[in-house]
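Hi there,

Here is the structure I promised to pass on.

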Amino acid sequence: MITRELSVMRRLLDNPRRRLNILTHATHEGWQHLIDKTGHSFYMLTGNIQGGPPFKKWDYHTRPMPPNHYMFNIPPEHVKADIEFDLILCQNRSMYYPFFAAVAEKLNIPLIVLDHTEPPPGASKQQLDGIKQWIGHTNVYITEHNRTTWGNPNGIIIPHGIDTEVFKGYTGALPRGVTMVNQFPSRDVFCGWGLYQSLLKQIPCDLVGDNPGLSKSIKDPVEIASTLGQYRYYLNTSQLSPVPLSVLEAMAIGLPIVTTAKQELPKIIQNGYNGYISNDPEELVKACQKLVAEPELAKELGANARKTIEEKFSLNKFVENWNHVFYNTLEKI
């Protein structure tokens, strides 16, 4: 059994900037390609939790598994220190926090809680108040809005980082829009499938993503960039997402964005600078039509969208920030 004293001693004696073993789970394949660039080893649990929900499997339709990620094929209740884990990264508080908190206590290692999403919709105030008390040794949020809705002013904000060497190559040759969402119809409350369908009656827009019978996914980032870069604009109808990664990738490619004004997006998209933003469907339609009719305007706004990514969503800064969190959290037990 690993005692707290032994756990602390091992971390103190180890190289403070060594490669870490991090216990986690699959959740957001695109984001996990970003965190993989920190260079650490990420062991993703599979299987069922006794008395809880099963862990999500890696979705190979969206992205291949990155090189530093591994499926940890062991019943979760049998997790012990056969691998000397340094940290635990819980990426879904409402589903998996109780399990990971218990493992962190058993192994005497720190727990990081990352919230990719807003608090679960439909939960009662009593339920939300309880979930909000589930905190880690470090809590991380992807946007300021995200941190505010979870009610933790002391949490750390780490925005996404986008690889602008991969996501590039806008031409805008196709006078149409494009949207990239997986399982779109079943995620209406989060992604706005109903709104998207209503807008399609008035604007030209194609769908990309894992949507059986509707569209096919593109899992290779280079192919994503070359495919999306042909379109005139990118349409986002999200309703309950702190900031869709696909929007940022499209901006890096150089597409102007037409989007709903939800969560963090009003701080990123500026009307007439890098796209158009509104919760009025008619205004969204007019913006799409304007970009189809004016390719030079679309190119100008798209260039500004890419500039926004370079200024606010640096991949190097993302890696630096996360490594700072990882190594600082090691010292909290």
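Below is what I found, from the whole chain down to single residues.

First, the ground rules. This is a predicted model, in which local features need pLDDT of at least 70 and side-chain atom pairs count only at pLDDT 80 or more, while totals for chains, interfaces and linings use all residues. Residues are numbered from 1 along each chain as its sequence is written, and side-chain values use heavy atoms, with hydrogens and water left out.

**The whole chain**

There are twelve helices and twelve strands in the chain; these are DSSP runs numbered from the N terminus, with helices being H or I of at least four residues and strands being E of at least two. The C-alpha trace spans about 70 × 40 × 40 Å along its principal axes.

Of the 333 residues, 53% count as buried. Buried means under 20% relative accessible area, exposed means over 50%, and partly exposed lies in between (1.4 Å probe, protein chains only). The chain exposes about 15000 Å², and carbon and sulfur atoms supply 53% of that area; the areas come from the Shrake-Rupley method with a 1.4 Å probe, and for residues only the protein chains shown count as cover.

Among contacts with a separation of 6 or more, 71% join residues 24 or more positions apart, where contact means heavy atoms within 4.5 Å.

**Cysteines**

The structure holds zero disulfides, a disulfide being a pair of cysteine sulfur atoms within 2.5 Å. For Cys191, the closest cysteine sulfur is in Cys205, 14 Å away and therefore too far for a bond. Cys191 counts as buried at 10% relative accessibility, and Cys90 is buried too, at 0% relative accessible area.

**Helix α8 and Leu228**

Helix α8 covers residues 221–228, and its buried residues are Pro221, Ile224, Ala225, Thr227 and Leu228. They pack against β8 (174–180), β10 (231–236) and α9 (245–253). As background, an α-helix has 3.6 residues a turn, so residues three or four places apart point the same way.

Leu228 is worth a click in your viewer. This residue has a relative accessible area of 0%, so it counts as buried. Leaving aside neighbours within four places in sequence, Leu228 is in contact with Val178, Met180, Tyr234, Ala250, Ile253 and Leu255. Lys168 lies 60 residues from Leu228 in sequence, with 9.5 Å between their C-alpha atoms.

Most residues other than glycine have a negative phi. Gln183, not a glycine, has a positive phi of about 50 degrees; it is found in the loop between β8 and α6 (188–191) and is partly exposed at 31% relative accessibility. Gln263 also has a positive phi, near 45 degrees. The loop that holds Gln263 runs between β11 (257–259) and β12 (275–277), and Gln263 is buried, with a relative accessible area of 18%.

Gln50 sits in the loop between β2 (41–45) and β3 (69–72) and is exposed, with a relative accessible area of 63%. Its C-alpha atom is 9.2 Å from that of Phe99, which is 49 residues away along the chain.
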